[in-house]
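Have the structure open as you read.

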Amino acid sequence: MHIPDGFLSPEISALTYTIAIGFLIWSWKKARATYSQSLAPLLAVSSAFIFAAQMINFPIAYGTSGHLVGGTFLAVVLGPYAAILSMTIVLIMQALFFADGGILSFGANVLNMAVIGGLSFFLIKLLTKNSEGKERFFSSVFVASWLSVVLGALACGVQIGVSPVFSNAGGVAVTVPAMLFWHVLIGLGEAAITTTLITQLQRLQPAVLTGLAILRGKQNERTP
Amino acid sequence: MKEHLKALILMLACIAVLIPFASNAPDGLEKVTETLRIGENRPMWRGLMPDYSFPTIENPYISTLLAGAFGILLVLGVAYIVGVVIAKPKKQQREDS
């Protein structure tokens with residue numbers, strides 16, 4: 001879902017950059033107020049993991065592949081604010097070193113993957129409604145991770161659709177359904193992988209699920 | 001810390017095993033642009049390792065593995081620094097900046 005350079009009009013680039021920077025400042029401030037010293041190693045390992053996971057594409061259908069985006073995974077592990085920052089770090093490194101995602105389209109990529117992924121945290125919170133039931137939590141993770149990819153694809157479809165490069169091809173009326181078609185399927189892969197990862201983490205290392213603790217309202221436990 | 005090192009080694013092992021099985025098919029967005037016959041322009045910035053291949057290494061497996069390992073360590077380092085800065089007590093931050 002990484003938009004390369006050349007697809008977005010300058011207006012869309014500027015707009016998406018502005019919104020993305022707004023979200024980044026917001027999550028930075030919130031993260032400064034929320035997290036304790038124990039964050040650094042967890043942030044490092046989970047960001048590196050998402051970078052690694054994004055390298056491995058899985059086949060979907062009809063000669064198309066997808067890969068884990070991991071926004072919802074990060075949101076559950078780190079909480080929404082650090083998740084947005086974590087994914088942004090991954091996206092910066094991908095754009096700078098691997099030409100995966102453009103420079104001018106970076107703002108849009110941050111919105112579509114980092115911000116939407118991180119905000120899926122609040123959907124999980126809404127769906128679980130402080131219920132401690134594991135089944136309910138895992139199904140919320142499944143739904144939220146699927147939706148994070150589908151909404152990211154929707155945003156991406158709109159961003160490229162309104163840009164002149166795609167106007168001859170039919171604009172938004174074509175790009176949005178096309179993006180949604182593939183990402184409804186890719187999202188199922190995302191949801192299956194995310195739910196599996198979170199289930200295993202909860203079983204093996206429940207202590208690292210900082211985001212989960214925040215979900216349950218134990219926000220201000222500043223462990224040394 | 002020990003556990004985090006374990007996680008790192010596990011990650012490197014995972015990509016070493018999974019890279020040969022990773023799909024080379026276009027992803028969702030690439031498929032859409034291909035279907036609409038919209039070519040990617042020459043990128044304004046090609047990065048140091050475009051398409052996750054380490055330059056000057058012919059073998060595609062080794063090349064991708066090295067690029068992946070480089071990327072993992074890079075993200076790990078940068079995210080760690082960001083994490084330390086986030087968790088810094090407020091007063092110290094003021095002195096630093």
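In helix 3 of chain A, A:G71, A:L74, A:A75 and A:L78 meet A:P80, A:A82, A:A83, A:S86 and A:M87 of helix 4 of chain A. Contact means that C-beta atoms, placed from the backbone, lie within 7 Å. Helices are DSSP runs (H or I, at least four residues), numbered from the N terminus.

This is a predicted model: local features need pLDDT of at least 70, side-chain atom pairs count only at pLDDT 80 or more, and totals for chains, interfaces and linings use all residues. Residues are numbered from 1 along each chain as its sequence is written, and chains are lettered from A and ligands numbered from 1 in the order in which they are written.

**Helices 3 and 4 of chain A**
- The contact of helix 3 with helix 4 of chain A divides into seven nonpolar, two polar and no charged residues. Nonpolar covers Ala, Val, Leu, Ile, Met, Phe, Trp, Tyr, Cys and Pro; charged covers Asp, Glu, Lys and Arg; the others, Gly among them, are polar.
- Helix 3 (residues 71-78) and helix 4 (residues 80-98) of chain A pack at about 135 degrees, with axes 7 Å apart. Axes are lines fitted to C-alpha atoms over the stretch in contact, and angles run from 0 to 180 degrees between N-to-C directions.

**Helices 5 and 6 of chain A**
- Helix 5 (residues 106-128) and helix 6 (residues 134-161) of chain A pack at about 150 degrees, with axes 8 Å apart.
- The contact of helix 5 with helix 6 of chain A holds 15 nonpolar, nine polar and one charged residues.

**Chain B against chain A**
- 46 residues of chain B contact 54 residues of chain A.
- Helix 3 of chain B gives the most to the side touching chain A, with 15 residues.
- That side of chain B has 33 nonpolar, nine polar and four charged residues.

Technical notes
Two residues are in contact if their C-beta atoms, placed from the backbone, lie within 7 Å. Helices (H or I, at least four residues) and strands (E, at least two) are DSSP runs, numbered from the N terminus.
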